[in-house]
Amino acid sequence: MARDRRPAKAPKAAKVRKAVLTRTVDEFEAAFWPDEQPVDNAVVMTMGALHAGHAALVREARRRVGKDGRVAVTVFVNPLQFGAGEDLDRYPRTLDEDVALAEEMGADVVFAPTVEEMYPNGEPLVRLSAGPMGEGFEGASRPGHFDGMLTVVAKLLHITDPDFAVFGEKDAQQLAIVRRMVADLDFDVEVVGVPTVREEDGLALSSRNRFLSGAERVQALALSRALFAGRDAGAQGPKAVREAAAAVLEGADGVSPDYLALVDPLSFTEAPDDFQGEAVLAVAARVGSTRLIDNVSVIVR
């Protein structure tokens, strides 16, 4: 069982401090719990290369805990989430810029551990499993990805011991799986989803966008156009949603779709043709050598 390092709640709260960069669990605990003042706290888990989308998560975390609460941002490129041939070494690492952005948005502590700090005994022999929720869509394209993600999320929840864990809705399947893990395994934390942040032309912000050439970035706009077309067809039912989105992707140059799916946001399984209510329309595609994902919420009638 995880240690509860938080003192019992009381009205008085500590002052917000400038962001401190920590590299070990001991350093993090000393910086995040510097005194016995009982305050609400939140964590934003990232793999770094922070952008305006991450900034929205940190701002929401600060809003949740108030000016006297504490906000932690974790920066860790988790090797367990990357499969053979994926871009672990290519993944951008911009720690100095990440710390500056996290501080600007209201973080108190940045926890950026090494792989050895997170996995001191080597790759963990015991890992969490995403089960059936992790087998489709992103899980089918990236076998083992969600097991690795859940394993590090669980470890970071134990280390940071937050009241709120804030995630982006752009990674919709990840958010659904984390929420289910928290419910099924009795983690004492509220999982908060924050809407996707987009460029003015609709492109969802992603750390991988930096790998797109100018021409590829224009081609990548087909993903959001397809999602918006599907969303606009929501009143006509699930079949119309899928068809409207697929029509945009089929005519898109330079885009190689991996999947396009209308799913139940709770189970992340395909919504049946008689589905009504709020669903998630999700897409993954390669644009050049870069794999992008995106999704929108759709009200289906």
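## Helix H6

A residue is called buried when its relative accessible area is under 20%. In this predicted model, helix H6 is mostly covered by that criterion, with 13 of its 16 residues buried. H6 runs over residues 145–160 and reaches 22 Å from its first C-alpha to its last, which is close to the 22 Å expected at 1.5 Å a residue. Just after H6, Asp161 takes a positive phi of about 50 degrees.

## The nonpolar cores

The largest nonpolar core of the model has 46 residues, and those with the most contacts inside it are Met118, Val153, Leu157, Phe167, Val178 and Met181. At least two residues of this core come from each of several elements, namely the helices H1 (25–32), H6 and H7 (172–184) together with the strands S2 (41–46), S4 (109–111), S5 (164–168), S7 (255–263) and S8 (277–287). The largest share, nine residues, is supplied by H6.

Met118 is in contact with Val152, Lys155, Leu156 and Ile159, and also with Phe76, Phe111 and Pro113, when its neighbours within four places in sequence are left aside.

## Aromatic pairs and a charge over a ring

A pair of aromatic rings is described by the distance of the centres and the angle of the planes. The model holds seven aromatic pairs. In one of them, the rings of Phe32 and Trp33 have their centres 5.1 Å apart and their planes at 70 degrees, an angle over the 60 degrees required, so the pair is edge-to-face.

A ring takes part in another kind of arrangement at Phe211, where the charged end of Arg90 sits over the ring, 3.9 Å from its centre.

Ser224 lies in helix H8, which covers residues 214–232, and because its relative accessible area is 3%, Ser224 is buried. The side chain of Ser224 reaches the backbone oxygen of Gly202 at 3.4 Å. With its neighbours within four places in sequence left aside, Ser224 is in contact with Gly202 and also with Arg198, Asp201, Leu203 and Asp294.

Glu60 is found in helix H2, made up of residues 52–65, and at 16% relative accessibility Glu60 counts as buried because this value is under the 20% cut-off. The side chain of Glu60 is joined to that of Arg63 by a polar contact of 2.9 Å. When residues up to four places away in sequence are not counted, Glu60 touches Val166, Val192 and Val194.

Technical notes: Residues are numbered from 1 along each chain as its sequence is written. This is a predicted model: local features need pLDDT of at least 70, side-chain atom pairs count only at pLDDT 80 or more; totals for chains, interfaces and linings use all residues. Side-chain values use heavy atoms; hydrogens and water are left out. Helices (H or I, at least four residues) and strands (E, at least two) are DSSP runs, numbered from the N terminus. The expected span of a helix is 1.5 Å times one less than its number of residues. Buried means under 20% relative accessible area, exposed over 50%, partly exposed in between (1.4 Å probe, protein chains only). A nonpolar core is a set of buried Ala, Val, Leu, Ile, Met, Phe, Trp, Tyr and Cys residues joined through side-chain atoms within 4.5 Å. Contact means heavy atoms within 4.5 Å. Rings of Phe, Tyr and Trp (its six-membered ring) pair if their centres lie within 6.5 Å; planes under 30 degrees apart count as stacked, over 60 as edge-to-face and the rest as tilted. A charge sits over a ring if NZ of Lys or CZ of Arg is within 6 Å of the ring centre and within 35 degrees of the ring normal. A polar contact is a pair of N or O atoms within 3.5 Å; within protein, one must be able to donate a hydrogen and the other to accept it, and residues adjacent in sequence count only if both atoms are side-chain atoms.
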